Each structure stands twice: as structure tokens, then as C-alpha cells.
Amino acid sequence: MSWKTWSLKKSPWVFHVNTGACNNCDIEIVDCLTPKFDVERFGIKLVGSPRHADALLVTGGVTAQAAPRLREVYRQTPKPCVVFAVGACACDKGIFASGYHMVGPVDKIIREIDPDAIIAYVPGCPPKPEAIISGVVKALSIL
Amino acid sequence: MSEALQNMYWVVIFPGFLFTVVAGFLVSWLVRKVSALVQWRVGPPLLQPFYDVIKLAGKEILIPQNAQKTVFMAAPIIGSAGVLLLSTMLWRITIGNSAFVGDIIVAVYLMVLPSLALILGSSASASPHASLGTSREMKLVIGYELPLVLALIVVIIKSGGQLNLAAISEQTTALSISGILAFLVSLLCIQAKLGFVPFDIAEAETELASGVLIEYSGALLAIWKIMQAMMIVALPLFLVMVFLGGFGISGWPLVFGIGKYVLVVVLLILIKNTNPRLRIDQAMKFFWVHCGIILVVAVILAMTGNIYGISWL
């Protein structure tokens, strides 16, 4: 394991992208930062700019409006980076699958611009904070 | 030749770069840990700041298309150089008696360099968020420089016109009414210089998406993080030297010196954790009107005390 991967596992900074989620997954993500779960124990920090981020937490099946923004945010994230599709919508459009405005899911949009992107899926509507943390741990262990 | 080597050693290894950065990482861990404890969390492990910087150094550096590349890349180095020089100077004055007349003025100048570098770097990055952050940082610098200089004037009056940090740190200025007023105000100025919460207006993560630093990534961001780590060593040390009687080299004075330093840092952290962010106009008003009036009173008290020989005023 190179020092880059090792240090990435020690301090993954995440940027939160909402691509048309109903806010449930977003609340669960913010829950991970609360005293009960406290992901800062593992060096995980929510940052304000995609240029500082190592992981993108994407919530919501991607709407037509959000797709170009998601691509732009992915391009702005310095590589290596991991994309997390958090929630049923982000994984597979969820209950909005037949919506006319849905162009997702997240992996399809990201793979259009980077076929080799590392994408992890955390299903659930919304996923529990435990599930999100477990997803992050699993994704980091296969890096 | 040997003198040049000696100077290199001072700047690069012992009181300079290596020592300051390691100490700075430990103190920034302390900041995060105490903040976590205040919020009933566990907080990050001891080596977290090291991991962060190593990781950032291994990441891709993205430079915005319209950025002025030279200035964009030079700015973090300029800022770090300023703080490095400040830290080396302060430690050398403490340890090696290399004080000179007017070093307090040099220190004031060097303390502006990091903010100046932030302004340069963010305005070179061609980002609207960064330019908003730049304008806020400029206003903040204009805001806190006035009370800081006034507070130092109080100290200089109390010390009988000394412009020498070694001579100033022989007395404990904070043990008088004007001294404690000046100390409290300059604590808040240091809070603003470090960009800690009530005055993190330029970085404002929730509105400006980390403002001045928004376009920095990879190793350049790592240099900014190193600069911030060095600042949290140098600036409280400056306060300790100017107001609280300085550091000793050995024995009890050294223990007391570390105690004073930790006291200043913990005060900064507690202010950081118990206050919401101010708007830029509130911060300007706070520094100029409220702190300004307090310091004018402090200057008058100090001069009265000086003329009539009352040391507690």
C-alpha cells in the first residue's frame, strides 16, 4: 500500500453533493457528525469546497438540472477520490425511477466522464448513519 | 561559514521550521480535541493533523483556468515564510537572547504577512467566492490591526518606552488594569488573525464554502495548513511574551511559560466554541468602536500610572 492510499484512509475529507434528494439522506449524513457517531474519530471531516475533498457523498437520483453540476463537481475534485452514492435514489433512482426529470443514477453520470471512477453504494431510504459509516469503512478497505 | 550554518540550523530545524511545525500540529490537534470535548464528542486521534497534511501532499493540484498561476502558487509560500520568520525570531529571543531594539515592530509587520498572502492567493484564484472572502479578509485586517497596535502601545508605555521584546517580557504587563484590558483585546485580535470562529468571516464554510481557500487543493492546501499550524504556535507565544512575562529556558520558569501558553490557547479555543460567527460589519464595529474605546481608556490609565508612578494602573 503506497503512502498516498495509507494517508487517504487516515483522513478522508468529504464533500456533500445533493443532486435532488428529498433531504432525508442529507439529515442522516449530518447525523454522522453528531456526538453519538462522531466520525471525526476516524479523521472524516465535512469540507466546504470540492477541491478539498477526497470523497463525494452524493444523495438523490440525479435530476436533469443537477447532472451537469455533478459532473463539474466531480471534475473539480482532486484525484484520487471516491464517490459515495448514498441512499436508494442515488444508487438506483429509488421511488423516483419513472420520473420524467430523472437522468441518473449517480454511477451512470459519473462514468460518462470517468469510466474508472471508484463508486461505493450505500442503499437505504434513508440509510442509517451506521450503514453510511460501514459503507465508508468498506470502500476504504478495498482502496 | 559556520555562522551561516548556525543560522540555517535555527531557521530550518530547532526553533524554526521543523520544531514549529511539529509543535503546531500538536496544538492544532489540541484545538480539535478540546472543541470535540466541549461538544461531548471523542475527537480525532493525536496524529490527525499529520495524516491530513501527508494526504494533501499526495493529492492532485488543480489550478483554476483563469487563475494568475504564479501568484496563486507563490502565495502560500510567502505566507509560510512570514510565519516561519516570526516564529524563529520569537523563539530565538526567548532562548538565545538575540533581541534587538524595535523587534516588536518587526513582529507586528511579520504578523500581517499571512493575511496578506491569503489576500494575494485568493484574489489570484479567479473565483467569485474567493473574491468575497478576499474583501472580507481585507476589512478584517483593517479592523483588528488598529486595536492590536493600540494594545502594544499600552505595553510600551507600561515598560517605560522599551521597543525590545526581551525587555518587555521581563515584566508581566497583564498584572495591571490597563495591561489586562490590552491583553483581553489583543487576545481577540489574535483570534481574528488565526481565523477562529467568531472571526472566521473570510473562510465562512457555510456561506462562502471556505472562502479564501476555496480553489486550493493538494500540496498547496497542505502548505496553507502548515502555515496555520505555525501561526497557532507563534501568535499565542507573542501574546505570552508581550503580556504575561514570557517563557523561561529551564526549570520552573519553563513550566510556567508552557502553562501560560496553554492558558492562552485554551482561552482562544473556548472563545471559538462558545460564539457564533459575526458579520463583517459587526466585526469592524466591534474592533474599532468597542475595542477602540477600551484601549483609549487603557492608554490613558497607563500614562497616568506612568506619570504618578502607580504600577497597578
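This is a predicted model: local features need pLDDT of at least 70, side-chain atom pairs count only at pLDDT 80 or more; totals for chains, interfaces and linings use all residues.
Residues are numbered from 1 along each chain as its sequence is written, and chains are lettered from A and ligands numbered from 1 in the order in which they are written.

**Stop 1: chain A as a whole**

Keep chain A selected and zoom out. Its C-alpha atoms fill a box of roughly 45 × 35 × 25 Å, taken along the principal axes. The radius of gyration of chain A (taken over C-alpha atoms) is 14 Å, close to the 15 Å that the globule rule gives for 143 residues, so chain A is as compact as a globular protein of that length. The globule rule is 2.2 Å times the number of residues to the power 0.38.

**Stop 2**

Most residues other than glycine have a negative phi, and most peptide bonds are trans. Now for some exceptions.

Select Asp38(A), in the loop between α2 (24-31) and β2 (45-46) of chain A. Asp38(A) is not a glycine, yet its phi is positive, at about 45°.

Next, pick Lys79(A) and Pro80(A): the peptide bond from one to the other is cis, with omega near 0°. You will find Pro80(A) in the loop between α3 (66-76) and β4 (82-86) of chain A.

Then move to Cys125(A) and Pro126(A), which are also joined by a cis peptide bond, with omega about -10°. Pro126(A) sits in the loop between β5 (118-122) and α6 (129-141) of chain A.

**Stop 2: a helix pair inside chain A**

Two packed helices are described by the angle between their axes and the distance between the axes. Here, axes are lines fitted to C-alpha atoms, for helices over the stretch in contact, and angles run from 0 to 180 degrees between N-to-C directions.

Select α3(A) and helix α5 (residues 106-113) of chain A: their axes come within 10 Å and cross at roughly 55°. That makes α3(A) oblique to α5(A). Angles under 35 degrees count as roughly parallel, over 145 as roughly antiparallel, 65 to 115 as roughly perpendicular and the rest as oblique. The crossing of α3(A) and α5(A) is right-handed; a crossing is left-handed if the near helix is turned anticlockwise from the far one by less than a right angle, and right-handed if clockwise.

Show the side chains of Ala67(A), Leu70(A), Arg71(A), Tyr74(A) and Arg75(A) on α3(A), plus Ile109(A), Ile110(A) and Ile113(A) on α5(A), and you have the contact. (Two residues are in contact if their C-beta atoms, placed from the backbone, lie within 7 Å.)

**Stop 3: where the chains meet**

Now bring chain B back into view. The contact between the chains takes 19 residues from chain A and 25 residues from chain B. On the side of chain A that touches chain B, the largest share, 5 residues, comes from α1(A).

So what does α1(A) meet there? Select helix α1 (residues 3-10) of chain A and helix α3 (residues 48-57) of chain B, whose axes come within 8 Å and cross at roughly 135°. This makes α1(A) oblique to α3(B), and the crossing is left-handed. Trp3(A), Ser7(A), Leu8(A) and Lys10(A) of α1(A) make this contact with Tyr51(B), Ile54(B) and Lys55(B) of α3(B).

The predictor gives the complex an ipTM of 0.84 and a pTM of 0.87.

**Stop 4: chain B**

Chain B has 12 helices and 0 strands, and its C-alpha trace spans about 65 × 50 × 40 Å along the principal axes. The mean pLDDT of chain B (pLDDT is the predictor's confidence in each residue, from 0 to 100) is 86, and 100% of its residues reach 70 or more.

Finish by selecting helix α8 (residues 177-194) and helix α12 (residues 280-308) of chain B, whose axes come within 8 Å and cross at roughly 150°. The two are therefore roughly antiparallel to each other, in a left-handed crossing. Residues in this contact include Leu181(B) and Val185(B) of α8(B), and Leu295(B) and Ala298(B) of α12(B).

Conventions
Helices (H or I, at least four residues) and strands (E, at least two) are DSSP runs, numbered from the N terminus.
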